[in-house]
Amino acid sequence: MIRFLVTLALALAGGALFTLIHSPLPWLLGPMVFSLLGARLLKTIKPLWPSYLRDTAMIIIGYSIGLSFTMETLKEMGRQLPTMILMTVLLLLFSALIGYGVAKVSGLPLPTVLMGSVPGGLSQMILLAEETEGIDLTVMTFLQVSRVIMIIFCVPLLVFSPLFGGNHQDIGVSSGAFGRWEDLFPGILLFAVVCVAFAMLAKKIRFPSAYLLGPMIATAILHVAGVPGPALPASLLDVSQLLIGTYVGLLLRPESLTNKFRVISLSFLSGAVLILGSLGLSALLTQLHGISSATAFLSMAPGGMDQMGIIAKEIDADIAVVSCYQLFRTWFIYFAVPPILRLAFKRIAPRAKAADEAAGGR
């Protein structure tokens, strides 16, 4: 309990400070930074953040994203399905090229770096890495988590910058963006029961991002069927951001790495290149479908659907479009990428072994 309370105090202090300095997404970025620093600096008390708190936040965000789906947006997503496939494949190919370059420069094993470079699907990549021989799980996890952290920091700064015409001091003032506490009941009770039930069901059948996608799908079905759901208050969404930001901040453990400076430098450099690549793809997406540049960028940003959904709601981007592109990539990574990687590793491993034997012969 003491460890949890100390971590909560760090998260609240981080959120308060980032709010004071007018940072974008202060209750996501502040707790993430302070929990990351606290885990490194506190010697006597190790920060603790139960995963069920993150899961609770996922359910809240899943519900909020699900409310954005209408029959019109679903029809539009059907029309954009070929573009989703194209953009996902291009982003994954670009990520693979970055991984190949990082492996060449760093000397790290190519399979490890390729897994660490897949834009999304951290839990799936960890499971795959545990089943694959020769994968450095520590390096792979660090590459994945450092990319997520960089995305969480850089994407809001870019979206709220003059590049996209954003101004984070005006966020959340649009009409209908947020609800009020007194308007939640009794309408929220049905959605609360259904969202929790679908989250547990999705978890049981091993659905990807179960605590996010289960509630999101359930809410979208009810909303499209004509059952109105109340919008969530801004303060409740701030709490969900704190729960997720603190959890992400504690994931990163740079002290367990060998060649720390090289790995950290290359992982953040590769993250920056990936963001630039997603910017280019978002420009193409804007030209193809005429959606706003902010919506296109959030759709292509190689982060998690929960973080991109939070940002999209904050700036009044088209959350349904962003969610569908992110969701499609999540499913593609979950179902298609593991067998592709296994096939690739079967070809890479014999070549690497032959190269090692040749080097030893010399």
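Cys195 counts as buried, at 3% relative accessibility, and Cys324 is likewise buried, with a relative accessible area of 11%. In this predicted model, the count of disulfides comes to zero.

**Cysteines**
- A disulfide is a covalent bond between the sulfur atoms of two cysteines.
- Taking a pair of cysteine sulfur atoms within 2.5 Å as the criterion, the model gives zero disulfides.
- Cys195, with a relative accessibility of 3%, is buried because its value is under 20%, and Cys324, with 11%, is buried by that cut-off too.

**Salt bridge**
- The structure holds one salt bridge, and it is formed where the side chains of Asp55 and Arg54 meet, at 3.0 Å from N to O.

**Helix 13 and its contact with helix 8**
- Helix 13, which spans residues 293-300, is mostly covered, with seven of its eight residues buried.
- The buried residues in helix 13 are Ala294, Thr295, Ala296, Phe297, Leu298, Ser299 and Met300.
- The axes of helix 13 and helix 8 (residues 137-159) come within 11 Å and cross at roughly 170°; as this angle is over 145 degrees, helix 8 is roughly antiparallel to helix 13.
- On the side of helix 8 the contact is made by Val155, Leu158 and Val159, while helix 13 contributes Ala294, Phe297 and Leu298.
- By residue class, the contact of helix 8 with helix 13 consists of six nonpolar residues, with no polar and no charged ones.

**Ser95 in helix 5**
- Ser95 has its place in helix 5, which covers residues 81-106, and at 2% relative accessibility this serine counts as buried.
- When residues up to four places away in sequence are not counted, Ser95 touches Ser117, Pro119 and Leu274.

**A cis peptide bond**
- The peptide bond that runs from Phe185 to Pro186 is cis, with omega near 5°.
- Pro186 lies in the loop between helix 8 and helix 9, the latter comprising residues 187-204.

Key: Residues are numbered from 1 along each chain as its sequence is written. This is a predicted model: local features need pLDDT of at least 70, side-chain atom pairs count only at pLDDT 80 or more; totals for chains, interfaces and linings use all residues. Side-chain values use heavy atoms; hydrogens and water are left out. A salt bridge is a side-chain nitrogen of Lys or Arg within 4 Å of a carboxyl oxygen of Asp or Glu. Buried means under 20% relative accessible area, exposed over 50%, partly exposed in between (1.4 Å probe, protein chains only). Helices (H or I, at least four residues) and strands (E, at least two) are DSSP runs, numbered from the N terminus. Axes are lines fitted to C-alpha atoms, for helices over the stretch in contact, and angles run from 0 to 180 degrees between N-to-C directions. Angles under 35 degrees count as roughly parallel, over 145 as roughly antiparallel, 65 to 115 as roughly perpendicular and the rest as oblique. Contact means heavy atoms within 4.5 Å. Ala, Val, Leu, Ile, Met, Phe, Trp, Tyr, Cys and Pro count as nonpolar, Asp, Glu, Lys and Arg as charged, and the others, Gly among them, as polar.
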